[in-house]
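Here is a brisk report on one chain. Keep the sequence and the 3D view open while you read.

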Amino acid sequence: MVNQDLTELQNSLDKVEMTTSAPENNRYILGVLLIILATLVYSSILPITKGLITNISKEVLMAVRFTMAAVVFTPFLRNLNIPLVRDGAIMGLLSFGMYVSATSGLETFSANRGAFTLGISVIFVMLFDLLLGKRIAPRAIVGATLAFSGIGVMFWGSGESLNGAGWLLLCALLNSAYLIAIQQFVQRHPTVQLVAVGLWVPAVAGLLWAAPELTGHFEAIVGSLNVNLGSLIYLVVVDTIVFTWLEMIGQHWIPATEVAILQTIEPLMAAIISFWLLGETFETHDFIGAGMVLGAMILVVTRPKVDESSSPVLMPTE
């Protein structure tokens, strides 16, 4: 029944995507709504994950999360070809790296500060542009300096592990690469098949990573999963399946710079959810640093409109 519903939904989305007579404005509005919804969903990932890894090891959590999500999409693993498998595998490996670095950081770092750290993915995309030899606008350089300074202000006096901060910065870097990959891959392949391949890669990696623990402490693990079943289901269904799908579909119709502007609300929402679920609060220096990070993100993404075809993702160039 679930697979049938997924098929019907994907067919409907494909019809909208492929109908050239559909008003462009309608597709744009739908894309904006999907990206906003995906951003709101993404805001809960760090708080939910931090709450779960206090009771479940990150290895087991990854194996369960991605395997459950991948099983749902297994019926769509058909009509595969080498380019699709290659691109899906790249996405999956980036997802694996993002998860490992995020959970490693959250073991010793708060979710609300971590959300602002991940928010500088916008800045890292700009730095990728620099590595590609493109010219960087002065406002982008100022934004990068402001963002990293803001993160430093948040770290200063927090008493939290710099090791955890380093892991979250790595996650932000990998997330930037993931955003760049999505912008390329969603134009080449059917979304649902790309999602299916992209979920199975971290699922297999997670099962291999958690194998020693799963075989040695199976009964204890099952008990922990049952106690946290509600949060686990939310993480799998909403924060993994729904988020991944909404993000990919939305990026078909929204310019990358505008996607980035919409995503600037994510750290704020994550901080609110972290306070609600985990009781995490900010101190004065955190508010100052968070303001600097948000200001930097807005400075980077709100720039004069440029030709999107020459810069497929949010790349502040002149």
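## Surface and overall make-up

The chain exposes about 14,000 Å², and carbon and sulfur atoms supply 69% of that area. The model is predicted.

The chain has 15 helices and zero strands. It has 318 residues, and 52% of them count as buried. Take the contacts between residues at least 6 apart in sequence: 92% of these join residues at least 24 apart.

## Helix 6: covered

Helix 6 spans residues 111-119. Nine of its nine residues are buried, so the helix is mostly covered, given that buried means under 20% relative accessible area. Among them are A111, N112 and R113. F116 and T117 are also on the buried list.

Is I151 buried or exposed? I151 counts as buried because its relative accessibility is 3%. This residue lies in helix 8, residues 138-155.

Leaving out residues up to four places away in sequence, I151 touches F116, T117, I120 and V293. Two of these names, F116 and T117, belong to helix 6 and are buried there. I151 also pairs up in space with G289: their C-alpha atoms are 5.9 Å apart, yet 138 residues separate them in sequence.

## Q193 in helix 10

Q193 sits in helix 10, residues 191-216. Its relative accessibility is 11%, so Q193 counts as buried.

Which residues does Q193 touch, not counting those up to four places away in sequence? The contacts are F76, R78, N79, L80 and L84.

Helix 12 runs over residues 229-250. At 1.5 Å a residue, its 22 residues should span 32 Å. The end C-alpha atoms are 30 Å apart, which agrees. The helix has a kink of about 30°, centred on F243.

L229 is placed in helix 12. Its relative accessibility is 40%, so L229 counts as partly exposed. An α-helix has 3.6 residues a turn, so residues three or four places apart point the same way.

## Points to check in the view

- Find I151 in helix 8, then look for V293 among its contacts.
- Find Q193 in helix 10, then look for R78 among its contacts.
- Follow helix 12 to the kink centred on F243.

Key: Residues numbered from 1 in each chain as written. Predicted model: local features only at pLDDT ≥ 70, side-chain atom pairs only at ≥ 80, totals over all residues. Heavy atoms only, no water. Helix = DSSP H or I, 4+ residues; strand = E, 2+ residues; numbered from the N terminus. Buried < 20%, exposed > 50% of the residue type's maximum accessible area, 1.4 Å probe, protein only. Contact = heavy atoms within 4.5 Å. Expected span 1.5 Å × (residues − 1). Bend = angle between axes of the 7 residues up to and from the residue. Areas by Shrake-Rupley, 256 points an atom, 1.4 Å probe, with all protein chains shown as cover.
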